[in-house]
Amino acid sequence: MDLYRTPASALDRFVATRLQPRKEFTETARRALGALAAALRERGGRPGAAAPRVLKIVKGGSSGRGTALKGGCDSELVIFLDCFKSYVDQRARRAEILSEMRALLESWWQNPVPGLSLKFPEQSVPGALQFRLTSIDLEDWMDVSLVPAFDVLGEGFLDCSRVGGSLGTTQDFQF
């Protein structure tokens, strides 16, 4: 079926079957990212005892906006932490926090999510930890970036904002 020959009444079905990722992959990736968000909240993104508190996790990217396409998509999880006191502090501690987040992610993946594989590409974005979730059949993938951030507006503000969706628990993670 060609897009140009598709009647307007059949466009929704065309998009769902031809352009969007398979529902099975999307749901599996959503559950995996929800579980990761819960692990980040429990440990603050750091496996040590002096872990910072996660204030809020905001999702973005094509998956977060609902504009993901078949084959590959992206998702950003901006993680607001209480350990940063300023942007200067965030920049100075960025490598340390990203290293600890990677250790947490590797530890969390010791019990892999069925139907997905996890790989770390070359890290090309200095302020983010990047990884890829791939379906076992390699048809669909999602590039994920974890971005630790300083909460410039103050702790209470994020709870009332409309910056984006929050990831409080695995149940309320939505694409």
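Predicted model: local features only at pLDDT ≥ 70, side-chain atom pairs only at ≥ 80, totals over all residues.
Residues are numbered from 1 along each chain as its sequence is written, and side-chain values use heavy atoms, with hydrogens and water left out.

**Stop 1: the whole surface**

Of the 175 residues, 41% count as buried. Buried means under 20% relative accessible area, exposed over 50%, and partly exposed in between (1.4 Å probe, protein chains only).

**Stop 2: the core**

Hide the surface and select Leu 33, Leu 36, Ile 79, Trp 108, Phe 131, Leu 133 and Leu 146. In the largest nonpolar core, which has 34 residues, these touch the most other members. A nonpolar core is a set of buried Ala, Val, Leu, Ile, Met, Phe, Trp, Tyr and Cys residues joined through side-chain atoms within 4.5 Å.

Which elements each supply at least two residues of this core? They are helices H2 (23-43) and H4 (87-108), together with strands E1 (54-60), E2 (72-81), E3 (116-119), E4 (129-135) and E5 (141-150). H2 gives the most, with eight residues. In soluble globular proteins, nonpolar side chains tend to be buried together.

Now zoom in on Leu 36. Leaving aside neighbours within four places in sequence, Leu 36 is in contact (heavy atoms within 4.5 Å) with Leu 105, Trp 108, Phe 131 and Leu 146.

**Stop 3**

Select Thr 134, which lies in strand E4. Is Thr 134 buried or exposed? Thr 134 counts as buried, at 9% relative accessibility. Not counting residues up to four places away in sequence, Thr 134 touches Phe 25, Gly 115, Leu 116, Ser 117, Asp 140 and Trp 141.

Next, pick Gln 130, also in strand E4. Gln 130 counts as buried because its relative accessibility is 14%. With residues up to four places away again left out, the residues that Gln 130 touches include Phe 120, Pro 121, Val 144 and Ser 145.

**Stop 4: an aromatic pair**

The whole structure has three aromatic pairs. Rings of Phe, Tyr and Trp (its six-membered ring) pair if their centres lie within 6.5 Å; planes under 30 degrees apart count as stacked, over 60 as edge-to-face and the rest as tilted. Select Tyr 87 and Phe 150, an edge-to-face pair with 5.2 Å centre to centre and 80 degrees between the planes. Tyr 87 lies in helix H4 and Phe 150 in strand E5, so the pair ties together parts that are 63 residues apart in sequence. Tyr 87 counts as exposed at 52% relative accessibility, whereas Phe 150 is buried at 14%.

**Last stop: before helix H1**

Finish by selecting Leu 3, in the segment before helix H1 (11-19). Leu 3 is partly exposed, with a relative accessible area of 41%.

Methods
Helix = DSSP H or I, 4+ residues; strand = E, 2+ residues; numbered from the N terminus.
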